[in-house]
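Work through the exercises below with the model open. Try each task before you read its solution.

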Amino acid sequence: GGIEMPAIVQVFLVLTVLGADGSARSWREVRSRWSRLALLGVAMVLFLGCLFSATLMVVRRESSLQAGRLAVMDGNRIRAERLFAQAAQADPLSPAPYTHRAALAFESWSRSAGDEAGEFAAGVAAQREAIRRDPYHFSLYAGIGSWYLEKYRRERDGDDARQAVEALESATGLYPYQVKLQSQLAEALAAAGQPDSAAEAAAEALSLDEINHRHGHQDKYLTPDEVERLRHVAQPKGPSQ
């Protein structure tokens with residue numbers, strides 16, 4: 001990990017352009033003066049391409065995101081939204097500005113008694129934009145799943161439970177050994193009226209929790225209340241149930 005980071009690539013290109021000692025052997029192996037000039041030209045083009053298509057984009061994005069996070073801490077939501085939008089414009093390929101915008105919208109919804117003019121939907125839409133840019137990161141799906149699960153707890157709408165199941169199944173498909181995800185999936189399946197699948201997910205979560213305790217992964221332990229709820233969900237359901 002790390003070699004794909006624009007700053008790391010930029011360093012390698014700078015060393016190539018400057019003919020650093022690390023690349024001196026390669027320079028000696030190139031006998032033709034024109035070949036050396038051509039290689040230098042290619043390195044310079046790559047350097048400038050990386051600078052303008054990646055490095056500067058990342059720097060500008062992170063600058064706007066940092067300012068946006070400070071605005072959130074100061075309680076200035078309008079400024080935060082504007083800065084997150086600037087970050088998305090600076091680096092349109094990054095999911096980060098959209099995850100920040102989604103979290104801001106969900107936080108506003110969670111503090112409200114109602115839907116705050118569609119804050120929940122706006123948060124989900126922003127998170128889906130993040131997923132479109134990074135479709136293989138489990139946490140983006142997990143975010144949507146946990147939000148829909150929270151919405152179900154508040155409003156008891158079965159459609160919210162089904163939306164939570166869909167998102168959490170995507171998350172566990174990408175990261176099947178995350179105990180919290182399995183626990184949330186079990187709860188969502190039970191809420192969506194799928195007791196057999198819920199029992200299976202609950203049993204998997206309890207098994208993962210036992211493994212975490214066995215190996216001392218304290219940061220991944222389920223709480224006693226969570227374990228109790230999962231045991232109840234995992235119990236075989238009789239015909240009367």
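What volume does the second largest pocket have? The model is predicted, and the second largest pocket comes to about 210 Å³ in it.

**Exercise 1. Describe how α9 packs on α10.**

Step 1. Take the geometry. The axes of α9 and α10 (residues 195-214) come within 8 Å and cross at roughly 160°.

Step 2. Name the orientation. Angles over 145 degrees count as roughly antiparallel, so α9 is roughly antiparallel to α10.

Step 3. The crossing of α9 past α10 is left-handed.

Step 4. Locate the contact. α9 uses Val179, Gln182, Ser183, Leu185, Ala186, Leu189 and Ala190. α10 answers with Ser197, Ala198, Ala201, Ala202, Glu204, Ala205, Leu208, Asp209 and Asn212.

Step 5. Sort by class. Ten residues of the α9 and α10 contact are nonpolar, four are polar and two are charged.

**Exercise 2. Describe how α4 packs on α5.**

Step 1. Take the geometry. α4 (residues 77-90) and α5 (residues 96-111) pack at about 155°, with axes 8 Å apart.

Step 2. Name the orientation. The two helices, α4 and α5, are therefore roughly antiparallel.

Step 3. α4 and α5 cross in a left-handed way.

Step 4. Locate the contact. From α4 come Arg77, Ala80, Glu81, Phe84, Ala85, Ala87 and Ala88. From α5 come Pro97, Tyr98, His100, Arg101, Leu104, Ala105 and Ser108.

Step 5. Sort by class. The contact of α4 with α5 has nine nonpolar, three charged and two polar residues.

**Exercise 3. Which residues line the largest pocket, and which helix supplies the largest share?**

Step 1. State the volume. The largest pocket holds about 260 Å³ of space.

Step 2. List the lining. The residues are Val72, Gly75, Asn76, Arg77, Phe84, Thr99, His100, Ala103, Leu104, Glu107, Ser108 and Arg111.

Step 3. Assign the elements. The largest share, seven residues, comes from α5.

Step 4. Sort by class. The lining of the largest pocket has five polar, four nonpolar and three charged residues.

**Exercise 4. Describe how α5 packs on α6.**

Step 1. Take the geometry. The axes of α5 and α6 (residues 119-133) lie 8 Å apart, at an angle of about 160°.

Step 2. Name the orientation and hand. α5 and α6 are therefore roughly antiparallel. Their crossing is left-handed.

Step 3. Locate the contact. Residues of α5 that meet α6 include Tyr98, Ala102, Phe106 and Trp109. Their partners in α6 include Phe120, Ala122, Ala126 and Arg133.

Step 4. Sort by class. The contact of α5 with α6 has nine nonpolar, four polar and four charged residues.

Note on methods
Residues are numbered from 1 along each chain as its sequence is written. This is a predicted model: local features need pLDDT of at least 70, side-chain atom pairs count only at pLDDT 80 or more; totals for chains, interfaces and linings use all residues. Side-chain values use heavy atoms; hydrogens and water are left out. Axes are lines fitted to C-alpha atoms, for helices over the stretch in contact, and angles run from 0 to 180 degrees between N-to-C directions. Helices (H or I, at least four residues) and strands (E, at least two) are DSSP runs, numbered from the N terminus. Angles under 35 degrees count as roughly parallel, over 145 as roughly antiparallel, 65 to 115 as roughly perpendicular and the rest as oblique. A crossing is left-handed if the near helix is turned anticlockwise from the far one by less than a right angle, and right-handed if clockwise. Contact means heavy atoms within 4.5 Å. Ala, Val, Leu, Ile, Met, Phe, Trp, Tyr, Cys and Pro count as nonpolar, Asp, Glu, Lys and Arg as charged, and the others, Gly among them, as polar. On a 1 Å grid over the protein atoms alone, a cavity is a set of points where a 1.4 Å probe fits but cannot get out, and a pocket is an open set with protein on both sides within 12 Å along at least five of seven lines; lining residues have an atom within 4 Å of a point. Grid points are joined across faces, edges and corners, and a volume is the space filled by probe spheres set on the points.
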